[in-house]
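Good morning, and thank you for coming.

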Amino acid sequence: MLRNYSVRTDLALEEKERFESDDVEIQGVVLEEDYDEEQELKVTRVEIRTENGAKAMGKPVGTYLTLETPNLAIPDEETHMNISARLCGYIGELIRKNTEEKDDLSVLVVGLGNRNVTPDALGPYVADHLSVTRHIVKEYGKYAMGVDHANLISAIVPGVMGQTGMESTEIIRGIVNEIHPDLVIAVDALAARNSKRLNRTLQIADTGIHPGSGVGNHRSGLTEETLGVPVIGIGVPTVVDAATIVNDTMENFIAALETSDSLKGVGEVLRSYNAGEKYEFVKELIAPHLNGMFVTPKDVDEMIHHISHTISEALNMLFSEQA
């Protein structure tokens, strides 16, 4: 059994599914699911409650909320507003869980990624559409905005190490030490294990975010431990690794073999492999030319545009509601 095989994914849900496929129960990890038929929205809550559970999952103790809907990739304004409203509620839930209740919350939103590479531009695009208010409140006071309470929202796009020569964490830590926000919200593009989740899934976590981890770029994470304040991570999978594409194709191939009278035995043998063995087999098939290659949908430009608006609108709704 190849329990420690490497799956390129940032989604806690997919880590949990990896164990369920082998009928393995993880102590200290709880999964709850809810499905809204009207909006075609599936919400999965993965709670890692113990250090043993965190070790098995390869992710920190905390809450991971995953929203899955095919409508996220549809360019319909009303649909995206409905998703924004749901997203707003879930982000608010994690904020209330991890911060002290106060009237005027200071929040730093970090748009991670490289705006020059479309699949990695989600974070910068969200920051572009955000309603920032810190400068107005600092300059004119909250009453200039016509409200009794005003959240101080600021945003930064730190770029990537190849552009700045610095870790994103180093840049954000310096800003946090200067402006002392109550909370950091980090938005980033993620990598998925299942190609069906590309641009159709949103993950919100109260454990922060590790830029580039899904594609093998291990950078210092934006977490409460590294920044000194709670960090909410918001991400959307925009890429899968080439081995995933081949692995999904192999699953369809096995299903086809099992329907054939003459090749049914071959299909049953391949089906007997566990997920780890299949993945390692696929990696050997594509090595060395496709190893390290990541794939994104051809209409990723349009999708990133719509999804970034959905996330920024959820944040704008949330902080205007709390004002």
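Predicted model: local features only at pLDDT ≥ 70, side-chain atom pairs only at ≥ 80, totals over all residues.

With which residue does Lys97 form a salt bridge? The partner of Lys97 is Asp206, and the closest nitrogen and oxygen atoms of the two are 3.1 Å apart.

The average pLDDT of the protein is 84, and 86% of the residues score at least 70. pLDDT is the predictor's confidence in each residue, on a scale from 0 to 100.

Let me now turn to the overall picture. The protein has twelve helices and nine strands. Of its 323 residues, 48% are buried. The protein exposes about 15500 Å² of surface, and carbon and sulfur atoms supply 48% of that area.

The salt bridge with which I opened is one of eight found in a search of the whole structure. Another one joins the side chains of Asp36 and Arg86, with a nitrogen-to-oxygen distance of 3.0 Å. Asp36 lies in strand S1 (residues 29–36) and Arg86 in helix H3, so here the tie is between parts 50 residues apart in sequence.

A further salt bridge pairs Lys102 with Asp182, and their closest nitrogen and oxygen atoms are 3.2 Å apart. This pair links distant parts of the chain, 80 residues apart: Lys102 is in the loop between H3 and strand S4 (106–111), and Asp182 is in the loop between H7 and strand S6 (183–192). Are these two residues buried or partly exposed? Lys102 has a relative accessibility of 44% and therefore counts as partly exposed. Asp182, at 23%, counts as partly exposed as well.

Which backbone oxygen does the side chain of His80 reach? The side chain of His80 reaches the backbone oxygen of Leu72, at 3.4 Å. Leaving out residues up to four places away in sequence, His80 touches Asn71, Leu72, Ile74, His306, Ile307 and Thr310. His80 is buried, because its relative accessible area is 7%.

Next, helix H7, which spans residues 168–179 and contains Ile171. Apart from its neighbours within four places in sequence, Ile171 is in contact with Pro158, Thr164 and Met166. The C-alpha atoms of Ile171 and Val157 are separated by 9.9 Å, and the two residues are 14 residues apart along the chain.

We move now to the surface. Which residues form a nonpolar patch there? The patch consists of Val269, Tyr273, Phe281 and Leu285, which together have about 350 Å² of accessible area. Phe281 belongs to helix H11, residues 275–286. With a relative accessibility of 34%, Phe281 counts as partly exposed.

Finally, I would like to discuss the backbone. Most residues other than glycine have a negative phi. Glu40, although not a glycine, has a positive phi of about 50°. Glu40 is in the loop between S1 and strand S2 (41–48), and it is partly exposed, with a relative accessible area of 38%. Asn199 also has a positive phi, near 55°, and is a residue other than glycine. Asn199 is in the loop between S6 and S7. Is Asn199 buried or exposed? At 0% relative accessibility, Asn199 counts as buried.

Let me close by returning to my first example. Thank you for your attention.

How values were computed:
Residues numbered from 1 in each chain as written. Heavy atoms only, no water. Patch = residues over 30% accessible without salt bridge, like charges linked within 9 Å, V, L, I, M, F, W, Y side chains within 5 Å. Areas by Shrake-Rupley, 256 points an atom, 1.4 Å probe, with all protein chains shown as cover. Salt bridge = Lys/Arg side-chain N within 4 Å of Asp/Glu carboxyl O. Helix = DSSP H or I, 4+ residues; strand = E, 2+ residues; numbered from the N terminus. Buried < 20%, exposed > 50% of the residue type's maximum accessible area, 1.4 Å probe, protein only. Polar contact = N/O pair within 3.5 Å; in protein donor to acceptor, adjacent residues only side chain to side chain. Contact = heavy atoms within 4.5 Å.
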